[in-house]
Amino acid sequence: MAKLLTMEGMTKSFFGVKVLKDVDFDLEYGEVHVLLGENGAGKSTLMKILSGAYQTDSGSISLNGDKLNLSSYDPKTAEDHGIVTVYQNFHLIPHLSVAENLAMPIFTRERGLIRWKDVYVHADEVLDKINYEIDPRARVRDLPVSQKQMLEIAIALSKNAQVLIMDEPTAALSRNETEILFQAIADIKARNIGIIYISHKLEEVKQIGDRVTVLRDGTKIATLASKEANLDEIVRLMIGKELSSSQQAREVSFDGDLFRVEGLMSTYLSAPISFAVRKKEILGITGLVGSGKTELARAIFGVDRLSGGSVYLEEHPVHIDSPETAVKLGLGYLPEDRDSDGLCLNLGVKENISMVLLSKLKGLLFSTASEKRTVSRIVQSMDIKAAGLSQQVKYLSGGNKQKVVFGKWLSGGCTLLILDEPTIGIDVGARGEIYSLIREFVAEGEDRAVIFISSDIPEILDVTDRILVMSGGSLVAELDPKGATKQEIMQHSLRGRRAVE
Amino acid sequence: MKQVESDQTSGTSSSTGALFDIKQLRSNGTAGVSSGIRGLSRNQGVSMLVILGVLWLVLGLLSPYFFTVDNIMEITLQTAVIAIIAAGETFVILSGGIDLSVGAVFACSAVVGGLVLESTGNLPLALAATVSFGALLGLTSGLLIAKLYVPPFIATLGMMGVARGLALILSSGIPIYGLDEGYKFIGQGKLFDVIPVPTLIVLLVYILGYILANRTRFGRFVYAIGSNSEAARLSGINVTRVTIGVYVMSGFLAGLASIIEAGRLGIVQPAGGNGYELLAIGAVVIGGTSLFGGEGSIIATLIGAIIVTTIRNGLNILGVNAFWQYVVNGTVIITAIAVDQYRRRR
């Protein structure tokens, strides 16, 4: 008998960079096939090819043994073939009822007045597909997360799904809710539907997976039967060969704390957080997406309101209630999304760089001549490539944009820089320059330090003096980069979640 | 850099009429190397002046009255009122907001000033009351926008109703006559018998406005907030305070403009300033300031105000029904913005 789904030789390049290299993947009837890999390993690209969002550069896809015509393959045809993605609530309209949400295809298809009887009949038909009670009259926004998830599954099944793609379905679920989901998955399997299950939670491979495929750097590394797979082995497969720590020994003595937080709490953090940054130190904070790294940075910088805890700068208690206060105290924050939070894109290089400097000044007037001098000096020393000081920053490359954000904080004379994913979307060469800037920054003053947040483990190992690992909104480990391995950090990031649950 | 150059050269091709060319030349001037923070670029200035020249030429040919001393004085005085209101509106729009209440605030602060003059006879007090009340109404809008996060459109639309209502209530709907000679001097007087006082006030407002926009922290923060308020906030800028300041200024200047108009007409009209928000916003957008904030120039607004006033004056002397002026003003604003949007999308 033919397999439910066979993908052969899936290859995809973006702008000349191969993100998927000749990947084979298959799915049996009634099977849960877990897809694992780090961020950027190619999981979502592979799934986007399958769901028709991207077109593969080569290879073939067969469903029930029949080759699909890939030249005209798009999301619509994928769904017509019963290849359906379970969305994470993106699809639902919160202030409408369950039945109304389910009736959306009817609403868009039929003209004239709504026949409410049909709407509820349709809702019952769809909800019957899952073995789970949901009130069709309840408003979607009032449903708990698990019920929304079930609703999404019901919607997917109502599209006559043969292949279900589930992307981190348990990310937002509690332990009990996860049990309910797993029961639903078992029911779906019993109907010969195949499930492709993407997850970061390794233990789920054992709990519900039949087989597991590991991707790394766009290549398929292995496909194993779940029963025989060893979790440590899987981690090793995910991250590749053990990298020896390439940390250049930075001979620095750290004397005293520059900045310390005790029992920090905010709505977005699951547990109180305490840590200190020492003078001249580059403190790394890592963790998976959603581990609370950015939330911690925002809480420290006064962007999100704190609900508890105390903060000390040079042993003095400080109260940071807004970014303005943080900046006045000498903190700087380089946000993860530099275009939307870090830069005024239609202002010039000069206006962006001098922004922090000006916000710290007093009085109405300022000297445009000294502004120009300061900015020129920074542009030169950082080697920012722009057509002139007035060039709008939207025309700069990613690396140069990031340097502008960096320069903004350097011009402002700050002492503690919080960098959130400073090298995201930046090419290798510019990355090196950013690393040097960070090292120079801490080297140039006695009372300086950097909090370096990144989910890129090799870079964390390479750049920082000490590493904190976050998982599920709390700190789970503290490591010395000299002895730490990528695998160790990965295990803390992954297992921490389990510990939290 | 290649990208920049191509951006600068793109968009020179299409032309759909005089007004549109202005917008295009203007944006070509600022899109690339200049960030548009300084005064207006040469292209922009020249093309706006060309439009103005063509407008004057056509009107001069159509009506022999257009180039009379009386009419030119009339244009100058009308320009003064709109230009002063538009100066405040420029800062509001640069900050990414909009102030729809300027016409009503104009009327309401004039009424308050007129009543103070009636009851005290004290001219400086009346003038101070006028601009302070304008500023107070602006402060209210600013607080609603910056503290309660009411969208600027709604906050100032509401303020428009409130201020207009207050103007009518306080004055019982009756114009205030018998204004002081001092009022008339501000509205009609001439310094050394040559320079009209309103024109002097306009120059003063625009010189200060230029300095504010280009040489002060406040001005820079207005651009920053208009360009990306989150980035501005994360850079330590007090977005709340700057936003409030912008609306206070807009209210203050609407009050100031109302003194000139009261002096010119010799009365305070509670129904005055009707539709001035349209003229002021028109002057700003014709001057090329982006309704999305962060891009534009205060000097261009002055030329925009002259253009808007010229169109209005031209319709008057050509005997076009006054009601049509609203239609024309509305059309001019929509056209200017539609062209700007079209250009951005391409």
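## Basis of the description

Residues are numbered from 1 along each chain as its sequence is written, while chains are lettered from A and ligands numbered from 1 in the order in which they are written. Because the model is predicted, local features need pLDDT of at least 70 and side-chain atom pairs count only at pLDDT 80 or more, whereas totals for chains, interfaces and linings use all residues.

Helices (H or I, at least four residues) and strands (E, at least two) are DSSP runs, numbered from the N terminus.

## Contact between chains A and B

In chain B, 27 residues are in contact with 34 residues of chain A, where contact means that the C-beta atoms of two residues, placed from the backbone, lie within 7 Å. On the side of chain B that touches chain A, at least two residues each are supplied by helix 1 (2-9), helix 10 (217-227) and helix 11 (229-234) of chain B, and the largest share, six residues, comes from helix 10 of chain B.

By class, this side of chain B has eleven nonpolar, ten polar and six charged residues; Ala, Val, Leu, Ile, Met, Phe, Trp, Tyr, Cys and Pro count as nonpolar, Asp, Glu, Lys and Arg as charged, and the others, Gly among them, as polar.

## Two helix pairs

Helix 15 (residues 368-382) and helix 16 (residues 398-411) of chain A pack at an angle of about 130°, with their axes 10 Å apart; axes are lines fitted to C-alpha atoms, for helices over the stretch in contact, and angles run from 0 to 180 degrees between N-to-C directions. That angle makes helix 15 of chain A oblique to helix 16 of chain A, since angles under 35 degrees count as roughly parallel, over 145 as roughly antiparallel, 65 to 115 as roughly perpendicular and the rest as oblique. Where the two helices meet, A:Thr374, A:Val375, A:Ile378 and A:Met382 of helix 15 face A:Lys403, A:Phe406, A:Gly407, A:Leu410 and A:Ser411 of helix 16, a contact with five nonpolar, three polar and one charged residues.

In chain B, the axes of helix 6 (residues 123-146) and helix 12 (residues 239-265) come within 7 Å and cross at roughly 150°, and the two helices are therefore roughly antiparallel to each other. Their contact has 18 nonpolar, eleven polar and no charged residues.

## Strand pairing in chain A

Four strands of chain A form an open sheet in the order 2-1-4-5 with antiparallel pairing, two strands being paired if DSSP finds at least two bridges between them. Strand 2 (17-27) and strand 5 (66-67) are the edge strands, each pairing on one side only. Strand 1 (residues 5-14) and strand 2 pair over seven bridges, and A:Phe14 stands opposite A:Val17 in strand 2.

Elsewhere in chain A, strand 11 (residues 257-266) and strand 14 (residues 306-313) pair in the antiparallel sense over six bridges, with A:Arg260 opposite A:Tyr312 in strand 14. Strand 14 also pairs in the antiparallel sense with strand 15 (residues 316-318), over three bridges, and A:Leu313 has A:His316 in strand 15 as its bridge partner. Strands 14 and 15 form a hairpin with two residues between them, and A:Glu314 in the turn has a positive phi of about 50°.

## An exposed loop residue

A:Lys482 lies in the loop between strand 20 (474-479) and helix 19 (486-500) of chain A. This residue counts as exposed because it has 12 C-beta neighbours inside 10 Å; a residue is buried if 20 or more other C-beta atoms, placed from the backbone, lie within 10 Å of its own, exposed if 12 or fewer, and partly exposed in between.
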